[in-house]
Amino acid sequence: MAVNTKIALVTGSSRGLGKNMAIAIAKKGIDVIITYNSKKEEADEVVKEIENLGQKAASLQLNVAESNTFDSFLENISLTLKNTFKTDKFDFLVNNAGIGIHNSFVGTTEAEFDQLTNIHFKGPFFLTQKALSIMNDGGGIINISSGLARFSFPGYAAYASMKGAIETLTKYQAKELGERQIRANVVAPGAIETDFGGGAVRDNEELNKTIAGVTALGRVGLPDDIGGVVAFLCTEDARWVNAQRIEVSGGMYL
Ligand code: NAP
């Protein structure tokens, strides 16, 4: 009997962890819709890579800070589902898009706070709420948090608070969407070498060493350490994993 190919939507998948997740998901035989904020060319490259793996893919522009654009974004998703994927619904939503702002609790401005809220909490909250009407029952939501929601590292009070909020929201999503057999989980990476926060973990040797020193496995993380875990949550093997926070940090600050 033919099994319908599942489809995942990964926000912020033109680069970094989102790109790695999108490719790892495609390797599981799942089609992928990727989104970018400003880097269309990078996004097109990810689409090509996924198509070369034998899966369908498409890319769309999305700024998760602008919730007033979500209705039109989701109309575009519906059109893309119809034209490229020959269906009307998708299965997995990965709320990954994000930025880092480094500032102390005392120094954080209201503008920085609002920007982080919009990108990391309000955006995923309402994007997921609105996307539910075009998601299949039996699918899943994966919210990307951070190790920083469990331990403190000076300079991330506002950013980490948003990640704490998304972790709490995930439990409510799991509870309320269970009747549709939609699972909701958190993946919380430790410090990973990407462009995030100006690429500090990758490019600042001292910071890289400090993080390696507080990590049980003795190094910082790489994008390849993360994507496969998110991809696993999109498979049938993860059907009973619900409302969980999976930290993928090599054991940071144990
Ligand atoms: P990254 O390499 O800087 O990539 C960020 C991605 O998000 C890009 O695809 C970017 O799109 C997109 N993006 C940025 N602002 C956006 C917005 N306002 N609306 C929509 N998309 C936006 O960062 P990353 O390391 O992959 O981070 C991905 C996620 O992992 C974030 O939620 C971050 O908080 C989380 N995280 C990262 C680390 C780490 O150490 N790297 C650790 C824990 C958690 P464009 O390419 O178009 O700009």
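**Ligand site and an aromatic pair**

In this predicted model, a backbone N or O atom of N37 lies 2.8 Å from an oxygen atom of the ligand, a polar contact being a pair of N or O atoms within 3.5 Å. A polar backbone atom of S38 is 2.6 Å from a ligand oxygen atom, and R15 brings a polar side-chain atom to 2.7 Å from an oxygen atom of the ligand. Of the 900 Å² of accessible area that the ligand has on its own, the protein covers 95% (Shrake-Rupley method, 1.4 Å probe).

Local features need pLDDT of at least 70, side-chain atom pairs count only at pLDDT 80 or more, and totals for chains, interfaces and linings use all residues. Residues are numbered from 1 along each chain as its sequence is written, and side-chain values use heavy atoms, with hydrogens and water left out.

Around the ligand there are 31 residues, the closest being S14, S38, N96, Y159 and T194 (a residue is near if one of its heavy atoms lies within 4 Å). This shell has 13 nonpolar, 14 polar and four charged residues, with Gly counted as polar. Helix 1 (16-27), helix 4 (110-131) and helix 5 (157-177) each supply at least two shell residues; helices are DSSP runs of H or I with at least four residues.

Turning to aromatic rings, the whole structure holds seven pairs, with centres within 6.5 Å.

Methods: Polar contact = N/O pair within 3.5 Å; in protein donor to acceptor, adjacent residues only side chain to side chain. Phe/Tyr/Trp six-rings, centres within 6.5 Å; stacked < 30°, edge-to-face > 60°.
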